[in-house]
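Today I'm opening a new protein in the viewer. I'll start with the whole thing and then zoom in on one residue.

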Amino acid sequence: MSTSTTASVSTHILDTSIGRPAQGVAIQLSARPGRDARWQPLGGSATDADGRCKDLPALPEGTTHVRLDFAVEAYFEKKQADAQQDAPASRDSGAVFFPEVAITFAVKPGEHYHVPLLLNPFGYSVYRGS
């Protein structure tokens, strides 16, 4: 939860190729206190059955930039392995086009930032949610 001196971040992932939440995607959260500062890893979590990551670490006071790193390769590899039991191989023979998705955004103290990731095997989109 944000305070007047910090911002807060939440996220979720929807796999648009199947119209369902993406479960089990590892997410790392990093922050920095200015655009020229080094990234400070804060920790991470993984998405639940609803595609949500409810336990991301709090942002330190003075944070101005945040980065979410989504490790989607393992998710797609598992999904492809499960699908190949019931269907022919995908056109890329198991290749994952985007193994990682890194989203960087600016934050202001006192604000909450919900950043959903809309994901499919060959593209993704993000936006500031509510």
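Before counting anything, I need a definition: a residue is buried when its relative accessible area is under 20%. I also note that this is a predicted model.

**Entry 1, the whole protein.** I looked up how much is tucked away: of the 130 residues, 35% count as buried. The accessible surface comes to about 7600 Å², and carbon and sulfur atoms own 50% of that. Reading along the sequence, I get β-β-β-β-β-β-α-β-β-β-β.

**Entry 2, a sheet.** I traced an open sheet of four strands, in the order β4-β3-β6-β7, with antiparallel pairing. Which strands stand at the edges? They are β4 and β7 (101–106); each has a single partner strand, so one side of each has no neighbour in the sheet. From one strand to the next, the twist averages 20°.

Then I checked β3 (residues 26–32) against β6 (residues 65–71): they run antiparallel, and seven bridges join them. One pair I wrote down is A26, whose bridge partner in β6 is A71.

I picked A46, which lies in strand β4 (residues 40–46).

Next I looked for what A46 touches. Skipping neighbours within four places in sequence, A46 is in contact with G24, V25, A26, R52 and C53. I also checked I27: it sits 19 residues from A46 along the chain, yet their C-alpha atoms are separated by 5.6 Å.

How values were computed
Residues are numbered from 1 along each chain as its sequence is written. This is a predicted model: local features need pLDDT of at least 70, side-chain atom pairs count only at pLDDT 80 or more; totals for chains, interfaces and linings use all residues. Side-chain values use heavy atoms; hydrogens and water are left out. Contact means heavy atoms within 4.5 Å. Two strands pair if DSSP finds at least two bridges between them. Axes are lines fitted to C-alpha atoms, for helices over the stretch in contact, and angles run from 0 to 180 degrees between N-to-C directions. Buried means under 20% relative accessible area, exposed over 50%, partly exposed in between (1.4 Å probe, protein chains only). Accessible areas come from the Shrake-Rupley method with a 1.4 Å probe; for residues, only the protein chains shown count as cover.
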